[in-house]
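Keep your viewer open as you read.

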Amino acid sequence: MDGNRGKETFLELYGECSQDLYRFALYTLKNQHDAEDAVGDAVADAYEGFSKLRDLEAFRAWIFKILSVKCRRKLKEYTNRTVQLPDDLSAWPDSVEKNLQVRQAFARLDEEERMIISMHVFAGYTSREIGKILHRNDNTIRSRESRALKKMEQWLQDEEVRG
């Protein structure tokens with residue numbers, strides 16, 4: 001494909017999903033600047049590799065997978081980040097601690113599980129829409145999501161028992 005046509009095609013395909021990409025990143029990362037950075041990095045990588053994409057109908061799933069990797073790396077940074085704790089830990093709000101535990105449980109899921117949960121819970125996609133994007137049966141999407149949520153719930157319960 002020639003440079004101009006490839007660029008125009010990329011921009012058209014990106015335009016169709018740009019808001020969903022940002023929404024996915026924002027809900028996953030819970031930080032506007034990190035979401036913008038993740039989407040920007042994903043778009044740059046996708047543009048660079050666009051000429052290798054053979055099936056244009058796979059663009060949406062392909063760019064979401066790239067974004068998922070970017071978000072996963074950022075989530076790992078969050079869990080590895082050193083946080084200054086207050087001197088009086090009783091002043092530490094329970095909701096902040098719970099939020100951190102949920103993020104850690106979410107980060108423990110495999111890439112596809114995180115993507116399915118993010119797309120459904122955070123971005124509002126139905127299992128049928130996610131199935132189309134990921135080229136999977138919508139029943140498979142529902143069962144993977146259910147198992148992933150049960151895993152997270154178990155990890156959170158285990159954490160509560162330890163805490």
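This is a predicted model: local features need pLDDT of at least 70, side-chain atom pairs count only at pLDDT 80 or more; totals for chains, interfaces and linings use all residues.

Residues are numbered from 1 along each chain as its sequence is written, and side-chain values use heavy atoms, with hydrogens and water left out.

Searching the whole structure turns up one cavity of 30 Å³ or more. Here a cavity is a set of points, on a 1 Å grid over the protein atoms alone, where a 1.4 Å probe fits but cannot get out. The largest cavity holds about 40 Å³ of space, the volume being what is filled by probe spheres set on the points, which are joined across faces, edges and corners.

Who lines this space? The lining residues, those with an atom within 4 Å of a point, are Phe24, Thr28, Ser68, Cys71, Arg72, Leu75, Phe106, Arg114, Met115 and Ser118. Helices α1 (3-29), α3 (59-80) and α5 (111-122) each supply at least two of the lining residues, and α3 gives the most, with four. Helices here are DSSP runs (H or I, at least four residues), numbered from the N terminus.

Now for the charged pairs. The structure holds twelve salt bridges, each a side-chain nitrogen of Lys or Arg within 4 Å of a carboxyl oxygen of Asp or Glu. One of them stays within helix α1, where Arg23 and Asp20 sit three residues apart, about one turn of the helix; their closest N and O atoms are 3.2 Å apart. Arg23 is partly exposed at 30% relative accessible area, whereas Asp20, at 16%, is buried (buried is under 20%, exposed over 50%, partly exposed in between, with a 1.4 Å probe and protein chains only).

Another salt bridge joins Asp45 and Lys70 at 2.6 Å, N to O. This pair links distant parts of the chain, with Asp45 in helix α2 (residues 32-49) and Lys70 in helix α3, 25 residues apart.

Finally, Glu113 pairs with Arg144 at 4.0 Å between the closest N and O atoms. Because Glu113 lies in helix α5 and Arg144 in helix α7 (residues 138-162), the pair ties together parts 31 residues apart in sequence. Glu113 is buried, at 4% relative accessibility. Salt bridges with shared partners join Asp110, Glu112, Glu113, Arg136, Arg144 and Lys151 into one network.

Conventions. On a 1 Å grid over the protein atoms alone, a cavity is a set of points where a 1.4 Å probe fits but cannot get out, and a pocket is an open set with protein on both sides within 12 Å along at least five of seven lines; lining residues have an atom within 4 Å of a point.
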